[in-house]
Amino acid sequence: MDGSAAPSRTDPAVARTTVRTTCPYCGVGCGIRATPTGDGGLTVAGDSDHPANLGRLCSKGSALAETTDLENRLLAPRIDGREAGWDEALDLVAERFREAIDRHGPDSVAFYVSGQLLTEDYYVANKLMKGFIGSANIDTNSRLCMASSVAGHRRAFGTDTVPGLYEDLEQAELIVLVGSNLAWCHPVLFQRIAAARKANPALRIINIDPRRTATSDIADLHLAIAPGGDVALWNALLAHLADTGAVNDSYVAAHVGGFQAALDAARDTDPALSGLSPEEIAEFLALWSGTEKVVTIYSQGVNQSSAGTDKVNAILNCHLATGRIGRPGMGPFSVTGQPNAMGGREVGGLANMLACHLDLENAEHRAAVRAFWDAPAMPEAPGLKAVDMFRAVADGRIKALWIICTNPAVSMPDADAVRDAIAGCAFTVVSDITGQTDTARLADVLLPATGWAEKDGTVTNSERCISRQRGLLSAPGQARHDWQILADVAARMGWAQAFDYASPAEIFREYAALSGIAGQLGRDFDISAKASLTDAEYEGLEPFHWPRTASRSGGRFFAEGDFFTGDRRAQMLPVSHRPPQSRPDAEFPFVLNTGRVRDHWHTMTRTGKSPRLSQHIGEPFLEVHPEDAARLGLAPASVAEVTSRHGSALLRVLITDRVRKGEVFAPMHWTGETAPSGRIDALVAPQTDPVSGQPESKASVVAIRPMAPAWHGFAVSLSRIAPGTAYWARARIRGGWRMELASRSLPGDWEAEARRLFGLESPGIEAVSMIDPARGAARIAFLEQGRLVAALFADSGPVGVSRSYLAGELGQTATAEILSGRPGAERPDPGATVCACFDVGVNTILAAIRDQGLRSVEQIGFALQAGSNCGSCKPELQALLDSSAAAPATQPADLPKRAFVLP
Ligand SMILES: Nc1nc2c(c(=O)[nH]1)N[C@H]1C(S)=C(S)[C@@H](COP(=O)(O)OP(=O)(O)OC[C@H]3O[C@@H](n4cnc5c(=O)[nH]c(N)nc54)[C@H](O)[C@@H]3O)O[C@H]1N2
Ligand SMILES: Nc1nc2c(c(=O)[nH]1)N[C@H]1C(S)=C(S)[C@@H](COP(=O)(O)OP(=O)(O)OC[C@H]3O[C@@H](n4cnc5c(=O)[nH]c(N)nc54)[C@H](O)[C@@H]3O)O[C@H]1N2
Ligand code: SF4
Ligand SMILES: [Mo]
């Protein structure tokens, strides 16, 4: 248990001036105006001058101020768990890497980095590994994220170019969202689409996703495709385009190769393999082929597949065949996940790339980069891709591993095996902002990095827009910038001169200069116009789209062809349907799909600190179709035990027809820190796409059965506890934590059990309780001088108390009705939070819809404020309106939280 107060920081040196910076979460890349409050905190608002968001922010961006305090922060280097000075830690890292390289060669070491690094950090890491250590064993979590899009772009365009711009969404007549839950994962882009639809009611929206999501709710057509069915659908489209004369013959003749082979492969594909009905397919084909201005947005439902690269090319084929690319309102649009996923691709963070979109396997490119860096060594073959890298760690080929800004013990497929591999590695270094992650806990050396509000550099968003991130709080404790840490290690390994950077501006200039050479070699990524920025100009750098050269400023690509292939033609690829690698069978009959929720970011090291963001969904869950649930004997809000060939998990059951029969969905966010039995990647198979090496995170096979615990529980506590029950999940609330529990054994003495759980052995803490041993139920509140310090509600089935009421009572003088677990009759129960910004609960919204006759999201905003700030909850508000209209008997929309808020 850990009840100690977080250290605080004051920043008297920082004037309270507003700083323009960029959101550190998703690839939309929203501009933010942040203002230090002088006491170590800050306030944030959307930057109305930033082209990505024009002032909008989503719930996560809006709540950034709740994530920058020093609770959980790593403030000093650690060696084997003890605090150490920087010199000792850096000497040790350099020595152990040098030793491994001398004894076993450069390929015995590896870096695993992240699309959340700034471009300058990333550039230095890549330069150190590829140019100086002389290995290509640097890979990044973008392998789990964007690798299939990168590979698909390179096969079709000759380079990794996103052709279009966000403004295409406003100009399109049809937007197709493939494997993208944009409403929750790129909320500001989703809001731009919602606004575009308002301005142009003719705009049509199609969503292709096996699940019905918040994004599907805006769609005119939701196609619940079979997992991995995408190539079959897009091949059907290509054949239809050819059959109906919709091919742009002159564009194809002038700029595209491979048309006939691609068409032949398409005609050979059975459209039924998409899992869609002939009527659904026909509607899609007619809309797509009949609408010139079409943008196809795609994301992880496409990339995270063992056929990911083929899915990407199947989509690109249709845009190339129609010439619908690089012109206003049309084009394929791969949206990036992380804030600098795109920048990482540009600096060559992947094991098979060099910097500035130059190719590692191209001798001319290699020689150019080597000369520019004056590099002593340069690998000629690609390094290990993420899944293979951790296999090499497991079998001892990698002797020294440096993990920076990512949490692979949680986020890699086969996560238990990855965790064991890291634990068993001869020498592991982890750079993070916190030491409290599943990965950091395994490090031999832990290095404290500065975080978002403290560091300076650039990021590139989904539309090739490069923006500045600017520090506005001082570095806490001894934390240092990632680029500095890397450069310091490089210097200690003997390369001081090549890594003698004084500032991110200096790194950026070097990078921009290298991009000029890339431009001369015929690459797309050229920002050489920025190579001689002064420090002051870098400080004031406005967001800009690449390329930036003497002759070109931003804009779209490929309207006039001019691809980056040898003959300047795009390539259409012959692709065929391949189902996911694991097929359900008698032992593992269900397909497990995984993804994200609205208010959490990956492994929650930041969003998990925010009470606001932790209220929307407080625990890991499993979406199960009602017929499957009935067959499996899974009750609503019970706990399911899910197993695969690789591991197991316990998850809260959410019964919903939003998933297809035989398929289940679970979020990726929970970890050893927040719900140890909810680590979903423990179940995910480490199978990959043969071209991109990207793991198939969306289609593993699993078995499911009820957990049947001895008791279920809900608890609130002022101090942070790890209950140790078979199932537990912990979420931040104001002033403390709330927990969901399930245990396999019934305690002999409930009060003693609860005291142990909360660490409240002191007799000075009074317990009031209601215990029903026959039913296996107990309600116990602990009071210190009348103030509620903790409470446990246990029952034989899922516990029906008001979570929001109990969370609000924590730390307050306890009232008589505290053991009832809900507010007295005079105070209505707001229910689970829907609007995080104004903390408006589902019951409040439903009551207002019913009692005030509200008909629209705007009316709800007017009446309750809900949805009127960031707007991220608007799809859920609409769903509540729809469900109220359909079933006036207060049966709300089937949102995950409904499983946890029992009537
Ligand atoms: N709130 C929030 N936003 C985020 C993030 C976050 O952690 N939280 N992370 C960011 C990052 S790094 C990324 S990469 C993006 C990811 O953004 P998205 O890709 O939009 O999000 P996911 O939920 O991973 O997956 C999208 C959808 O793919 C569907 N899908 C699964 N299998 C298939 C299939 O075979 N075909 C099709 N067509 N669809 C399928 C899933 O049902 C799911 O709804 O989000 C970014 N934004
Ligand atoms: N099953 C399943 N698994 C998935 C996915 C899925 O859809 N399903 N999605 C995959 C995708 S697309 C992605 S992108 C990955 C994401 O997975 P991860 O990258 O592992 O997740 P994060 O929680 O974002 O990890 C970032 C880490 O960096 C730390 N950090 C934050 N800022 C800084 C900084 O400035 N410097 C340093 N050094 N550290 C910092 C954070 O504290 C955190 O520990 O997950 C992948 N895994
Ligand atoms: S959409 Fe939200 S998470 Fe993404 S960049 Fe904008 S504010 Fe940040
Ligand atoms: Mo991602």
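This report describes the overall form of a predicted model and then selected parts of the structure.

## Overall form

The protein chain contains 28 helices and 34 strands. Along the principal axes, its C-alpha atoms fill a box of roughly 80 × 65 × 55 Å. A compact globule with 903 residues would have a radius of gyration near 29 Å, and the 27 Å of the protein chain agrees with this.

Of the 903 residues in the protein chain, 65% are buried. Among contacts with a separation of 6 or more, 72% involve residues 24 or more positions apart.

## The annotated domain

An unreviewed UniProt entry carries the annotation "domain: 4Fe-4S Mo/W bis-MGD-type" for residues 16–72. In the model, this span is 7% helix and 26% strand. The C-alpha atoms at the ends of residues 16–72 lie 25 Å apart.

## The surroundings of ligand 3

The shell around ligand 3 consists of C23, Y25, C26, V28, G29, C30, L57, C58, K60, G61, P187 and V188. By class, this shell has 9 nonpolar, 2 polar and 1 charged residues.

Two helices each supply at least two residues of the shell around ligand 3: helix 1, residues 59–62, and helix 7, residues 187–199.

## A buried strand and its partners

Strands of a sheet pair through backbone hydrogen bonds, either parallel or antiparallel. Strand 12 pairs in the parallel sense with strand 8, residues 174–178, over 5 bridges. Within this pairing, L177 has I297 of strand 12 as its bridge partner.

Another part of the model is an open sheet of 3 strands in the order 17-18-19, with antiparallel pairing. Strand 17 (457–460) and strand 19 (544–545) stand at the edges with a single partner strand each, so one side of each has no neighbour in the sheet.

Strand 18, residues 465–469, pairs with strand 19 in the antiparallel sense over 2 bridges. In this pair, I466 stands opposite F544 of strand 19.

## Backbone features in loops

The loop between strand 19 and strand 20 (570–571) holds P547. The peptide bond from W546 to P547 is cis, with omega near 0°. R568 lies in the loop between strand 19 and strand 20 as well. Although R568 is not a glycine, its phi is positive, at about 65°. Its relative accessibility is 34%, and R568 therefore counts as partly exposed.

A further positive phi, near 50°, occurs at Q785, a residue other than glycine. Q785 has its place in the loop between strand 31 (777–784) and strand 32 (787–795). With a relative accessible area of 83%, Q785 is exposed.

Terms used
Residues are numbered from 1 along each chain as its sequence is written. Chains are lettered from A and ligands numbered from 1 in the order in which they are written. This is a predicted model: local features need pLDDT of at least 70, side-chain atom pairs count only at pLDDT 80 or more; totals for chains, interfaces and linings use all residues. Side-chain values use heavy atoms; hydrogens and water are left out. A residue is near a molecule or strand if one of its heavy atoms lies within 4 Å of it. Helices (H or I, at least four residues) and strands (E, at least two) are DSSP runs, numbered from the N terminus. Ala, Val, Leu, Ile, Met, Phe, Trp, Tyr, Cys and Pro count as nonpolar, Asp, Glu, Lys and Arg as charged, and the others, Gly among them, as polar. Two strands pair if DSSP finds at least two bridges between them. UniProt positions are given in the numbering used here, feature names are shortened, and annotations may be inferred rather than shown by experiment. The radius of gyration is taken over C-alpha atoms; the globule rule is 2.2 Å times the number of residues to the power 0.38. Buried means under 20% relative accessible area, exposed over 50%, partly exposed in between (1.4 Å probe, protein chains only). Contact means heavy atoms within 4.5 Å.
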